[in-house]
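Okay everyone, I'll keep this short. Have a look at the model on the screen, and I'll walk you through two spots in it.

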Amino acid sequence: MKKKIAVFTNGWNDEYLDFALEGVRNAASKHNMDVFVFLDYTSYDKTKEHLIGELNILNLPDLNDFSGALLLGNTLCVAGEIDILRDKILEVNIPAVCLEALIDDIDCIRTENINGMKELVEHLVTVHGVKDIFWVGGPSDNVESIDRYNAVKEVMEGHGLAVDPKKQVDGSWSFSIIQTLMPDILEGMDKLPDAFICANDVMAMGVCLSLDKAGYKVPDDVIVTGFDNLHSGSCFSPTIASVDRGWGTRSYQATEHLISLMNGGEHHRDIIYNSTFDPGESCGCPISPEDAEAQKEGGRRTYSLPLERTVFDWHLLDIDECVSQVKSIDELHDKYNELWFKNHAYEGDSFALCVDHTFMKSMENETPLLVDGYSKKMDVLFCMVDGKCMPQGCIYTKDLVPFYNANSENTNLYMFIPLHNRQFCEGYFVIKNNHKVIKDFYLNSLISHISASLDRGRQNIKLESMYKRLEEISVKDELTGLLNRLGYEKLAIPYLEELRESKKKAIIMVADINRMKLINDKYGHLHGDNAIKITANALKKAIPKEWKAVRYGGDEYVIIGEAALVDNINKVKKKVIEYINQQVTDLMLPFKISVSIGYINVVSDSDLSMEECFRMADDAMYHMKEVAHKQESEE
């Protein structure tokens, strides 16, 4: 059986993951190991409930089932993921490596933040004459951001230049946050600094666009630099001067070191590689041949990307709409099957929608949804393997992947993404060998719409169930559970008409409790209600389940049924009396209950109206009542 590596990461830095997961997979392939990536989308601008829902993916894997764990540490810094994972790893004591973040008791491979940033600032000061800078940092408590800022400060002070503590902002690594903050920052400036030095490329591009919107040109009016050397920064205009960290190489090295530990190799608590400065147009340097080609590619994508996104948006709309009218769990499965059989270009050829068993149960009753952890079983609402739709089924959550082949000769990479509505767990989505879907935030949009469609489907099914219960209540008599007068009109009469149209012989029975007024007057209405319920129970027990029994009013009952379902109607009448007497004895009632029952056979070719049939059965019942009263008088 193949060894398995668990990888934990945040999904927002899509370009980083493109390189990092490729490096991990390449290293795992050399040793024929499978890679299981557990990915969340926590971010600083999300609600507490959303973060709880995302972090639940950390509870999905049982680390005892894995040979090693790899943390992409520089992405796991939003909601305490590193501390959670460290505790889980140390508890099971499996080999582990953290990439790009130093944590206690776990080996680390990282690119330092200082050398490349020092080279960048030295270049700005000595080549471009920068003297006054504005710092755009990550979160104020983030170690990487602090290291980068201190490197900036050290080089500036080494040249006798001061760094104004008022000229800095916490951009939380976010393009959108910078876009929000920059207008007020620019509005409050008497003059532009010589350079905006940003702690990552995402914020640098946000600064460039904000400056452009305010009428300033980069680098003519002000220099802007970044960090991370993103491919999008190379495609950007101007190309972003940045710091390279060798992502693909580092992830490969980290995976190799992890595999060495798994095989009994030596620990190296902290292996550090140097970062390096990569100049670009945004600092005033000429564009490199590589960046020029990347910029051409970016220009071409300017045309194709909106078209690609439009087609993708159609797919998202299909996900939204496919469950808009579902009324049952089977229909939910059928609709997803129809959706992905037609189009699974973004999900790939092998993926599964695994829905938590508790979430599934909540569609049909009031089962509370899970917040922390998962049920023991997952309902596989949809699964595709190598382009083939698989039957609906269940798996143990511990198994993670439906139809997993532990003996495959190929190295496979599985991504697990949490499905939730706010903090409430819905399950997870698993994708095989298709990590490219992370790019351009396609995966995040896809998962968001799948989560929303699951919740919509659940609400539809619960509403349908509620409607059916309300409908059932509206036609049921509260005291006896038999049909009421509305049920008589909506269910019993149509049933009789259906029998007549299908040329089947029908029976109409009418029953009435004898001396009901005497029971009420002598023993009270509670005992009167008991008599009504006892008679109703006897009728339900004596007649075939297909027949319709109605409490027509007071102590009067109407029963309609197919004649062929009983051998002898008189035997049914006898059973009713026997069941009544048995209940009276069991309950030790102070009175007897007698019932008069009349009936009529309705042949299929009869031209009698419904009213006439009912009247004839009623007359037969009253004839029986007269006989019963006469017998009681003689006694």
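**A sheet and a helix pair**

So, Met509 stands opposite Ile559 in S21. Before I go on: this is a predicted model, where local features need pLDDT of at least 70 and side-chain atom pairs count only at pLDDT 80 or more, while totals for chains, interfaces and linings use all residues. Residues are numbered from 1 along each chain as its sequence is written, and side-chain values use heavy atoms, with hydrogens and water left out.

Back to the strands. S19 (residues 506-513) and S21 (residues 556-562) pair in the antiparallel sense over seven bridges; pairing takes at least two bridges found by DSSP. Helices here are DSSP runs of H or I, at least four residues, and strands are E runs of at least two, numbered from the N terminus.

Which order do the four strands take in the open sheet? It's S20-S21-S19-S22, with antiparallel pairing. S20 (548-553) and S22 (595-602) are the edge strands, each pairing on one side only. The twist averages 20 degrees from one strand to the next.

Now the helices. The axes of H10 (residues 289-322) and H13 (residues 442-474) come within 9 Å and cross at roughly 20 degrees. Those axes are lines fitted to C-alpha atoms, for helices over the stretch in contact (heavy atoms within 4.5 Å), and angles run from 0 to 180 degrees between N-to-C directions. H10 and H13 are therefore roughly parallel to each other, a label for angles under 35 degrees.

Conventions:
Parallel < 35°, antiparallel > 145°, perpendicular 65-115°, else oblique.
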